[in-house]
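This briefing walks through selected features of the structure shown below, taking a pocket, a sheet and a helix in turn.

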Amino acid sequence: MLETRIDLEPVKAFGDAIRAELARVIVGQAELSDLYLAALLSDGHVLLEGVPGVAKTLSAKALARSLALGFSRIQFTPDLMPSDIIGTMVFNPKTTEFHFKTGPIFSNVVLVDEINRSPAKTQAALLEVMEERQITVDGQRRALDPPFFVIATQNPVEHEGTYRLPEAQLDRFLFKLEISYPSLEEESRIIIQHHQHSVTDTLEQVKAVATADQLQKVRAIVSSVHVEPKIVEYIARLVHATRGNASLYLGASPRASIGIVKAAKAIAAMNGVDFVSPDHIRVVVAPVLRHRIQLTPEREMEGAKTDDVIREIVENTDVPR
């Protein structure tokens with residue numbers, strides 16, 4: 001057993017506590033819980049994709065309830081305006097002055113439900129706030145209180161009345177997580193669970209087990225996880241391989257490389273290791289890259305998926321020894 005040079009026990013305790021609360025409402029989906037945690041510890045945002053009814057919103061609510069943080073939910077609709085998200089200047093007749101009324105984005109954990117239901121103008125309202133943790137209204141900058149974590153959901157099969165997210169918006173998400181159908185055994189457990197308790201009752205079982213201060217402390221520990229130069233080069237080669245791949249017409253940006261490093265450090269710390277290995281990178285490379293690359297029309301017509309190309313790139317890239 002390798003001896004760690006960093007005390008990773010707070011990270012393990014934090015992760016175990018959050019997982020235990022998520023397990024109260026989420027049946028199966030262990031990988032989803034781990035990647036949720038990795039994104040949270042990496043200070044990154046998550047885009048959830050899955051067909052209706054696979055607990056996208058429920059899992060986001062459960063994660064928010066497990067943290068003693070502010071929570072808000074924004075339901076994206078075609079008529080939603082940017083001011084409905086970030087806030088607006090309101091005139092006060094008593095003082096004859098304008099004051100700023102904050103929007104629901106001013107919270108710690110923000111659930112953006114069906115993000116692809118609103119047009120680009122409204123989606124763009126999230127660009128600045130997701131990257132810089134601030135908004136600008138009437139030329140005045142207003143910073144959000146840390147931590148700030150966005151979970152957005154979208155439906156991959158319904159296209160009527162939806163607006164495709166622009167690449168700049170997608171690049172702001174650390175992970176794109178795809179929630180699949182449950183197994184037969186898991187679905188049986190879901191039915192029994194909902195037969196015994198309503199969704200509201202089930203969520204009430206989730207308790208806040210971590211504070212903002214605890215989250216900031218474990219994030220500091222995660223950031224100190226060691227990354228060897230050869231591992232950095234390995235990550236750079238993986239991302240660089242997306243830019244000259246014949247199956248892709250859009251490769252990943254340098255933000256993807258940074259995202260892989262941050263997420264791999266979180267996975268390493270969660271597994272009690274204070275250095276990043278190629279195994280940790282392989283856990284996060286698909287969630288980090290799948291929404292940042294685009295297939296050529298020819299490969300799409302063949303039925304290929306971005307994960308197929310990512311798998312090919314990982315298999316064809318030499319692993320550092």
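Which helices and strands each supply at least two residues of the lining of the largest pocket? In this predicted model, they are the helices α7 (167–170), α14 (297–301) and α15 (306–316), together with the strands β9 (175–178), β10 (248–250) and β11 (294–295).

**Largest pocket**
- The volume of the largest pocket is about 1100 Å³, and 37 residues line it, with Glu-49, Gln-154, Arg-164, Lys-176 and Arg-290 lying nearest its centre.
- Sorted by class, the lining of this pocket comprises twelve nonpolar, 13 polar and twelve charged residues.

**Open sheet**
- Five strands, in the order β2-β5-β8-β1-β9, make up an open sheet whose pairing is parallel.
- Because β2 (71–75) and β9 stand at the edges of the sheet and each has a single partner strand, one side of each is left without a neighbour there.
- On average, and with direction ignored, neighbouring strands of this sheet are turned by 20° against each other.
- The parallel strands β2 and β5 (residues 109–113) are joined by five bridges, and Ile-74 stands opposite Val-112 in β5.

**Helix α2**
- Helix α2 (residues 30–41) has twelve residues, which at 1.5 Å a residue should span 16 Å, and the 17 Å between its end C-alpha atoms agrees with this.
- Nine of the twelve residues of α2 are buried, so the helix is largely enclosed by the rest of the structure; among the buried residues are Leu-32, Ser-33, Tyr-36 and Leu-41.
- Just after α2, Asp-43 adopts a positive phi of about 60°.

Definitions and conventions
Residues are numbered from 1 along each chain as its sequence is written. This is a predicted model: local features need pLDDT of at least 70, side-chain atom pairs count only at pLDDT 80 or more; totals for chains, interfaces and linings use all residues. Side-chain values use heavy atoms; hydrogens and water are left out. Helices (H or I, at least four residues) and strands (E, at least two) are DSSP runs, numbered from the N terminus. The expected span of a helix is 1.5 Å times one less than its number of residues. Buried means under 20% relative accessible area, exposed over 50%, partly exposed in between (1.4 Å probe, protein chains only). On a 1 Å grid over the protein atoms alone, a cavity is a set of points where a 1.4 Å probe fits but cannot get out, and a pocket is an open set with protein on both sides within 12 Å along at least five of seven lines; lining residues have an atom within 4 Å of a point. Grid points are joined across faces, edges and corners, and a volume is the space filled by probe spheres set on the points. Ala, Val, Leu, Ile, Met, Phe, Trp, Tyr, Cys and Pro count as nonpolar, Asp, Glu, Lys and Arg as charged, and the others, Gly among them, as polar. Two strands pair if DSSP finds at least two bridges between them. Axes are lines fitted to C-alpha atoms, for helices over the stretch in contact, and angles run from 0 to 180 degrees between N-to-C directions.
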